[in-house]
Amino acid sequence: MIFSTASPEETKAAARTVAALLRPGDLIAYRGGMGAGKTTFTAGLAQGLGSTAWVSSPTFALVHQYDGPTPLCHFDMFRVASLEDLYSTGFFDYLEGGAVLAVEWSENIEAALPEPHITVDIAMGEGDRRTITVTGDERFL
């Protein structure tokens with residue numbers, strides 16, 4: 001599934017489309033550089049999963065949880081450099097909780113990502129343009 005967006009609102013709309021296909025327990029591994037729109041995409045996911053919460057980057061908290069009919073746990077693994085660091089985030093405890101997990105900077109924990117998982121690759125274009133590619137499950141073909 002590929003989306004081309006030209007604004008943060010269009011990026012959120014793409015995420016709401018993806019959210020409609022998610023199931024409790026799904027893990028989304030984000031790929032994309034600084035400022036690519038991972039948190040914006042997560043805001044759309046939260047909306048699509050029924051949350052009315054304001055979504056912000058979990059850079060310093062490491063994880064934010066958004067309640068709704070399907071809870072969403074939003075991780076930032078930017079500062080995670082080791083398995084010990086990953087354990088300190090509580091990440092493994094969340095895997096069995098039934099929430100959708102959205103993991104920014106998933107490249108930093110590649111070896112610990114469970115299979116299967118969904119990958120959302122956000123490529124930046126000029127200005128607010130983004131190409132968002134969702135893979136990893138037949139639901140997103």
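Biologist: In what order do the strands of the open sheet come, and how many are there?
Modeller: The open sheet has 7 strands in the order E1-E7-E6-E2-E5-E4-E3, with mixed pairing. Strands (E, at least two residues) and helices (H or I, at least four) are DSSP runs numbered from the N terminus, and two strands pair if DSSP finds at least two bridges between them. This is a predicted model, in which local features need pLDDT of at least 70 and side-chain atom pairs count only at pLDDT 80 or more, while totals for chains, interfaces and linings use all residues. Residues are numbered from 1 along each chain as its sequence is written, and side-chain values use heavy atoms, with hydrogens and water left out.

Biologist: How is E1 joined to E7, parallel or antiparallel?
Modeller: E1 and E7 run antiparallel and are joined by 4 bridges. Ser4 stands opposite Thr131 in E7.

Biologist: Which strands does H1 lie across?
Modeller: H1 lies across E1 and E7, and runs at about 160° to E1. Such angles run from 0 to 180 degrees between N-to-C directions, with axes fitted to C-alpha atoms, for helices over the stretch in contact; contact means heavy atoms within 4.5 Å.

Biologist: Turning to H2, which of its residues are buried?
Modeller: In H2 (residues 38-48), the buried residues are Lys38, Phe41, Thr42, Ala43, Gly44, Leu45 and Ala46. Buried means under 20% relative accessible area, exposed over 50%, and partly exposed in between, with a 1.4 Å probe and protein chains only.

Biologist: What do those buried residues pack against?
Modeller: Their partners are helix H1 (8-19) and the strands E2 (27-31), E4 (72-76), E5 (100-104), E6 (118-124) and E7 (130-135).

Biologist: What comes just after H2?
Modeller: Gly50 does, with a positive phi of about 100°. Trp54 lies in the loop between H2 and E3 (63-66).

Biologist: Is Trp54 buried or exposed?
Modeller: Trp54 is exposed, because its relative accessible area is 72%.

Biologist: How far is Trp54 from Pro24?
Modeller: Their C-alpha atoms are separated by 21 Å, and the two residues are 30 residues apart along the chain.
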